[in-house]
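Please look at the sequence and the structure shown here. The paragraphs that follow go through them part by part.

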Amino acid sequence: MDDDESASGKLPGDKLSKIARGEPLTAAEEIARGARERATERLAREYLESPSVKMARELYFSPAAKLARDYANSPAQVALGLSPAFGAAEIVRMEAMRTLLEPSTALAAKLNAIQPLAIDHAKLALIGAIMPSIDPKVIAAIQGVQPLKIDPLLASTVSQAQRTFEEAMRPLGGIGSAIKQLEEQQRAVQKSLFASLGGPFGDIAKTSQWASTLGRIDTPDITKLLGGGLGTAVGHMRDAIAKNFVGSAAIDQAKMSAMLGLTARFEADFAATQLKMSALAGIGEVFDRRSHFQIDAYHSLFGEWRTRVDLPENFWRDGRVRKRMYREAEVDEGLVVAQPGMALEIMIESGLTVGLRSEANAVAVVTLGEVSMTVRSRGTSKDAYVLVGRFEQELRAYVERKLEERFGPDWFKLRASNLIGKAKEIRKVAMARGEAVAPLVNFTELGELSGIIQSTKNWDEVFGYVFVDKTEFDHDMQKLIAVRRPTMHMRRIDGVRLVEVICVMQRLSEQMADDGAWKLAAESDR
């Protein structure tokens, strides 16, 4: 800042941009920031520094986001036979997200219209409020060592500025309303962003991630790590990726990763875990979900492990016991030692689930039916519990639809008669609390829904061709029920169980979405 600017008392022209870029202010700027910060600047600074907008700001204003805007306009196509990376609808959605990231034009105009009244800087200089060379006594007072003696003119100026600010804010409904507008805008940004990741854009991002991981590993190393037919199959996938992801496609692939903050390189143990997750993700897209390669890829990660409700009590209480049991079941070592947040990051980086990363957090987006849910690396236990709860709702709606289509509105009486008494009692208590009447199926739990599906008649006539393997379905449901048990949701989930439940919910959701279409295709005369 030059001498003329200092003497005039003007605010530094690049101060807000420094804050936006996260650059430190000088000592003089820091003191001036506290002693004479204008109301308009303060509001803008609070918006820029608020935790809720941090991820959106990083995505749009960082160099990574610039890559995203380049990518949105790129003509390149994703390899392996996928359609162009962005259709018209996706470009429109990204443009809408970009617009949301910009503060409201009307609000910005109102804030910019607020100007400080004329101040006699010579008098203010008497208390050292403006000049760069600040009296040490004033510094001590600012730090709270002794009270600062305020010049009456300064107090009068502050009062006038406050009234000017109040008048300017009146059309917006006051400062509270203005802040509410900013908060609503931030929520809209997050909603738009995660909606994109829950749709076709997210599918492309996942494919890009597992292809990127497999593409940078040498085929002999893949074969050695995965072994047998699985290693050979993944090696062939890797060779296809190396041939297709070249030139502009390779550049766009890197841009896609950078845009979502997915550029991490893990240590050796975690790198092997990432490769196994990418293999599982890739096999799931390239091969039929009933292929034995799917089972092999899953076992390469989890070994023979499966969580169940009858595990010994010390498993839930003692992390050392859990790790010992995981290793005995030959669970991947990186997954055994990974903290939940790290396990989630590896899932996202590998393409096993879609998501994004910032320096402070990672967020996975898990789509269940028509709903997309988020799991944060800083809130894994709570988010996983909520996620399983949402899956329970989706499963309940699916069971109700399938059985009602087949047996009519009285299906619960015909096909779940053993649950009528208990469900009625629960409904009676709920209605006594003021809840509206609802079908009896709404008062069943995850374990009871599993029982309805697996009952012999229901499985043979309705659900067998959807979930295919009854034993595997039962094992999957036990893994989820273990999370939903009332005594479980208060306990911290570990990395193995976090990845396990997300994989299970994604697999079962895909089977429900397919709705047995494979059987119709298999029985077709064509």
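Axes are lines fitted to C-alpha atoms, for helices over the stretch in contact, and angles run from 0 to 180 degrees between N-to-C directions. This is a predicted model, in which local features need pLDDT of at least 70 and side-chain atom pairs count only at pLDDT 80 or more, while totals for chains, interfaces and linings use all residues. Residues are numbered from 1 along each chain as its sequence is written, and side-chain values use heavy atoms, with hydrogens and water left out.

The protein chain contains 30 helices and three strands. Both kinds of element are DSSP runs, numbered from the N terminus: helices are H or I with at least four residues, and strands are E with at least two. Of the 526 residues in the protein chain, 46% are buried. Buried means under 20% relative accessible area, exposed means over 50%, and partly exposed lies in between (1.4 Å probe, protein chains only). Among contacts with a separation of 6 or more, 68% are between residues 24 or more positions apart; contact means heavy atoms within 4.5 Å.

Begin with a pair of helices. Two packed helices are described by the angle between their axes and the distance between the axes. Helix 14 (residues 219-226) packs against helix 17 (residues 268-286) at an angle of about 90 degrees, and their axes are 11 Å apart. Helix 14 and helix 17 are therefore roughly perpendicular to each other. Angles of 65 to 115 degrees count as roughly perpendicular, under 35 as roughly parallel, over 145 as roughly antiparallel and the rest as oblique. From helix 14, Ile222, Leu225 and Leu226 meet Ala272, Leu275, Lys276 and Ala279 of helix 17. By class, this contact has six nonpolar, no polar and one charged residues. Here Ala, Val, Leu, Ile, Met, Phe, Trp, Tyr, Cys and Pro count as nonpolar, Asp, Glu, Lys and Arg as charged, and the others, Gly among them, as polar.

Which residues does Ser300 contact, leaving aside its neighbours within four places in sequence? They are Leu226, Leu230, Lys276 and Asp332. Ser300 lies in helix 18 (residues 292-302) and is buried, with a relative accessible area of 16%. Ser300 and Lys276 are 24 residues apart in sequence, and their C-alpha atoms are 6.7 Å apart in space.

Turn next to the strands. Strands of a sheet pair through backbone hydrogen bonds, either parallel or antiparallel. In this model, three strands form an open sheet in the order 1-2-3, with antiparallel pairing. Two strands pair if DSSP finds at least two bridges between them. Strand 1 (354-357) and strand 3 (371-376) are the edge strands, each pairing on one side only. From one strand to the next, the twist averages 20 degrees. Strand 1 is joined to strand 2 (residues 362-368) by four bridges, and Arg357 has Ala362 in strand 2 as its bridge partner. Six bridges join strand 2 to strand 3, where Val375 is the bridge partner of Ala364. The hairpin of strand 2 and strand 3 has two residues between the strands, and Gly369 takes a positive phi near 65 degrees there. Helix 23 (residues 380-407) lies across strand 2 and strand 3, and runs at about 160 degrees to strand 3.

The largest nonpolar core has 105 residues, of which Leu395, Phe412, Phe467 and Val499 touch the most other members. Such a core is a set of buried Ala, Val, Leu, Ile, Met, Phe, Trp, Tyr and Cys residues joined through side-chain atoms within 4.5 Å. Helix 29 (residues 495-514) gives the largest share of this core, ten residues. Not counting residues up to four places away in sequence, Phe467 touches Leu395, Tyr398, Ile453, Trp459, Phe473, Leu508, Gln511 and Met512.

Two loop residues remain. Most residues other than glycine have a negative phi, and most peptide bonds are trans. Val468 is not a glycine, yet has a positive phi of about 70 degrees. Val468 sits in the loop between helix 27 (456-467) and helix 28 (470-484) and is partly exposed, with a relative accessible area of 37%. Asp515, also not a glycine, has a positive phi of about 55 degrees. Asp515 is in the loop between helix 29 and helix 30 (517-523) and is partly exposed, with a relative accessible area of 24%.
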